[in-house]
Amino acid sequence: MNANSPVLRRVVEVVVLLLLATGLNVLLDSRVMLASQAMLYVLAVVVAAYRLPLLDSVLTAIGSVMALNFFFIPPRWTFEVERRDHLIVLAAMLVVALVISRLANGLRRETELVTFRRVTRWAPGESRGGARVPGNHYGVVISRLNWIYFSALNSRQTSEPSIVAMQWA
């Protein structure tokens, strides 16, 4: 895998988030309850969900539950769960982390769409605004810093791809 690969970068981000949450939990282990430790992992999932694609945030959620179980739930250093209340904590944490992943991912997509509409002055049903090609365009909008990229396929007219890149102040 190439060192500049976006997949490798995302994997590194997931691992770093899990390591940060685990490191903080190790520091706070004797001072806080298990539920508080779980919340630090959920915070890592929130960050991953807003920064990364849905699959990566789901992997962060699963990794968080596994790390909490392995490092902090007795018996430690195993994936066994002795008590029912610990199993409930793990199950609840997984459900909450997955729901948060989905919601934060949707929020990120909505933010990108609003940014695209603001930059292109495009609104549904509006005939004025940015340049248009007739047809239904299905695509992806990506915004980074003050750049926006839109890649789409015009499936109604010519089935040719449309690619737009623009910068705003």
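**Burial and salt bridges**

I began with E13, which counts as buried because its relative accessibility is 15%. The cut-offs I used: buried is under 20% relative accessible area, exposed is over 50%, and partly exposed lies in between, with a 1.4 Å probe and protein chains only.

I noted the ground rules next. The model is predicted, so I took local features only at pLDDT of at least 70 and side-chain atom pairs only at pLDDT 80 or more, while totals for chains, interfaces and linings use all residues. Residues are numbered from 1 along each chain as its sequence is written, and side-chain values use heavy atoms, with hydrogens and water left out.

Which residues does E13 pair with? I found a salt bridge from E13 to R9, with the closest N and O atoms 2.2 Å apart. My criterion for a salt bridge was a side-chain nitrogen of Lys or Arg within 4 Å of a carboxyl oxygen of Asp or Glu. E13 and R9 are four residues apart in helix 1 (residues 6-28), so about one helical turn separates them. R9 is partly exposed, at 46% relative accessibility.

E13 also forms a salt bridge with R51, and here the closest N and O atoms are 3.0 Å apart. E13 sits in helix 1 and R51 in helix 2, so this pair ties together parts 38 residues apart in sequence.

I then turned to R76 and D29, whose side chains meet in a salt bridge at 2.8 Å, N to O. R76 is in the loop between helix 3 and helix 4 (84-120), and D29 is in the loop between helix 1 and helix 2, so this pair ties together parts 47 residues apart in sequence. R76 is partly exposed at 36% relative accessible area. D29 is partly exposed too, at 22%.

Shared partners join R9, E13 and R51 into one network of salt bridges. I counted five salt bridges by this rule.

**Helix 2 against helix 3**

I looked up the packing of helix 2 (residues 34-51) and helix 3 (residues 54-72). Their axes come within 9 Å and cross at roughly 160°. I took axes as lines fitted to C-alpha atoms over the stretch in contact, with angles from 0 to 180 degrees between N-to-C directions. That makes helix 2 roughly antiparallel to helix 3, the cut-off being over 145 degrees. The crossing is right-handed.

What lies at the contact of helix 2 with helix 3? I found 12 nonpolar residues, four polar and no charged. On the helix 2 side I listed L34, Q37, A38, Y41, A44, V45, A48 and A49; they meet S57, T60, A61, S64, A67, L68, F71 and F72 in helix 3. Contact means heavy atoms within 4.5 Å.

I picked out S57 in helix 3. Its relative accessible area is 0%, so S57 is buried. Leaving aside residues up to four places away in sequence, S57 touches V45, A48, A49 and S101.

**Whole chain**

The chain has four helices and three strands, in the order α-α-α-α-β-β-β along the sequence. I took helices (H or I, at least four residues) and strands (E, at least two) as DSSP runs, numbered from the N terminus. Of the 169 residues, 31% count as buried. Among contacts with a separation of 6 or more, 46% join residues 24 or more positions apart.

Key. Angles under 35 degrees count as roughly parallel, over 145 as roughly antiparallel, 65 to 115 as roughly perpendicular and the rest as oblique. A crossing is left-handed if the near helix is turned anticlockwise from the far one by less than a right angle, and right-handed if clockwise. Ala, Val, Leu, Ile, Met, Phe, Trp, Tyr, Cys and Pro count as nonpolar, Asp, Glu, Lys and Arg as charged, and the others, Gly among them, as polar.
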